[in-house]
Amino acid sequence: MSGSMSSTTALPPIEIQPRDLSAYRAGNTGVPYVHRFDSGRPGPAVLVNALTHGNEFCGMVAACHLLDSGVRPLAGTLTVSFANVAAYESFDPLKPFDSRQITHNLNRIWSEAWLDGPEDSVELRRARELRPVVAAAEHILDIHSTSADVSPFWVYPDRAKNAALARALPLPEVHLVMPAGLGSGTPLIQHGRHGRDEADAGAALVVECGQHFARATGERAIAVTMAFLRHLGVIAAEPEAPAPARPRRFELLRTHVVKDQAFRFTRPLVGFEVFAQGELIGTDGDEAIVAPCDDCTVFMPTRQPIVGREGVYLTRPMAD
Ligand SMILES: [Zn+2]
């Protein structure tokens, strides 16, 4: 079998097909692919954001569900956005991991330094376009998925409002908490007031819904989105609301960014593997990546190391 064939057979099945989003391009806010619905009543300003990474289709599934089924807020405003449509439209089923981004990671450039800086790219242009949309949102649900087929999880900066909202929802049960941010850039959920924890900042969460191309991941994204909107009173509560999950929380200790093309793990990792203190997790050129604590749990190990991109997140379980 040729090398290219074996790498093709190693690809996961594409159970979610990318839809043509041209019908959503115009939107109603003046910003392409952004739709806002106003209840005319007081209430929260909620943003549901999809496709921050172009090949993470579950957010597209959830956003299309909101738009296609005509979900309208009972209170406050509901904004639905498709972020990196340019990367999404570059999808090639033979290279399904390549359409994550065109140039920049759209989820690492939400600092003033990048947004007000001199550089230009598809993602920087789009972030500058989306900036007022993100800045206006009180509560944000940014919908993502993972390369590997692992348990879904929340990701959020260690702010009380984030933890309270994630804890109130029935899924997912795993929380990845970032006391010191990502360490590799500023994500969308830490833009502006959400990065400064100002009194008026609501909750801003990333949800990782499962493997990028699995049908169940899209279904989970819809379930999480509806639960998020119900909890905030944007849509009607269910008569028998499911109980909140008992959380399993992990604290991000370090984000390892790949420095050398020879980066590799000591064994194949998909995420949630546990290492003892001092145990070797991988090597990055001459650098040993070693577990800094007992029960060190890895999140989002890279499927294909690329110099300058994240290689692995090292975490430890939190008391609750
Ligand atoms: Zn993502």
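Leu106 makes contact (heavy atoms within 4.5 Å) with Thr52, Ala83, Asn84, Glu123 and Ala127, leaving aside residues up to four places away in sequence. The structure you are looking at is a predicted model, in which local features need pLDDT of at least 70, side-chain atom pairs count only at pLDDT 80 or more, and totals for chains, interfaces and linings use all residues. Residues are numbered from 1 along each chain as its sequence is written, and side-chain values use heavy atoms, with hydrogens and water left out. Let's take a tour, topic by topic.

**The chain as a whole**

- The protein chain has 8 helices and 14 strands; helices (H or I, at least four residues) and strands (E, at least two) are DSSP runs, numbered from the N terminus.
- The radius of gyration of the protein chain is 19 Å, close to the 20 Å that the globule rule gives for 320 residues, so the chain is as compact as a globular protein of that length. This radius is taken over C-alpha atoms, and the rule is 2.2 Å times the number of residues to the power 0.38.
- Along the principal axes, the C-alpha atoms fill a box of roughly 60 × 45 × 45 Å.
- Of the 320 residues, 52% count as buried. Buried means under 20% relative accessible area, exposed means over 50%, and partly exposed is in between (1.4 Å probe, protein chains only).
- Among contacts between residues at least 6 apart in sequence, 71% join residues at least 24 apart.

**Two buried loop residues**

- Leu106 sits in the loop between helix H3 (85-88) and helix H4 (112-115), and its relative accessible area is 0%, so Leu106 is buried.
- From Leu106 to Cys209 there are 103 residues in sequence and 18 Å in space, C-alpha to C-alpha.
- Gln190 belongs to the loop between strand S6 (174-178) and helix H7 (193-196). With a relative accessible area of 17%, Gln190 is buried.
- Not counting residues up to four places away in sequence, Gln190 touches Pro157, Met178, Gly181, Leu182 and Gly195.

**The zinc site**

- His53 (ND1), Glu56 (OE), Glu56 (OE) and His144 (ND1) coordinate the zinc ion at 2.1 to 2.5 Å. Donors are N, O and S atoms within 2.8 Å of the metal (3.2 Å for Na, K and Ca); water is not among the atoms, so sites may look incomplete.
- Along the chain, the zinc donors follow the spacing H-x2-E-x87-H. Distant parts of the chain are linked here: His53 is in the loop between S2 and H2, while His144 is in strand S4 (residues 139-146), 91 residues apart.
- The site is irregular, with angles of 56 to 146° among its 4 donor atoms. Four donors count as tetrahedral if all angles lie between 85 and 135 degrees; four count as square planar and six as octahedral if opposite donors are over 155 degrees apart and all others between 65 and 115; anything else is irregular.
- Both His53 and His144 are buried.

**Salt bridges**

- The whole structure holds 10 salt bridges, each a side-chain nitrogen of Lys or Arg within 4 Å of a carboxyl oxygen of Asp or Glu.
- One of them joins Glu56 to Arg100, with the closest N and O atoms 3.2 Å apart. Glu56 lies in the loop between strand S2 (45-50) and helix H2 (57-68) and Arg100 in the loop between H3 and H4, so the pair ties together parts that are 44 residues apart in sequence.
- Glu56 is buried at a relative accessible area of 2%, whereas Arg100 is partly exposed at 22%.
- Asp120 and Arg125 also meet through their side chains in a salt bridge (3.0 Å, N to O).
- Arg316 pairs with Glu251 in another salt bridge, at 3.2 Å between the closest N and O atoms. Arg316 is in strand S14 (residues 310-317) and Glu251 in strand S8 (residues 248-257), so parts 65 residues apart in sequence are tied together.

**Strands side by side**

- S8 and S14 run antiparallel and are joined by 7 bridges; two strands pair if DSSP finds at least two bridges between them.
- In S14, 6 of the 8 residues are buried.
- Strand S13 (residues 296-299) pairs with S14 in the antiparallel sense over 3 bridges, and Thr297 has Thr315 as its bridge partner in S14.
- An open sheet of 3 strands has the order S9-S11-S12, with antiparallel pairing. Strand S9 (264-265) and strand S12 (287-290) stand at the edges with a single partner strand each, so one side of each is left without a neighbour in the sheet.
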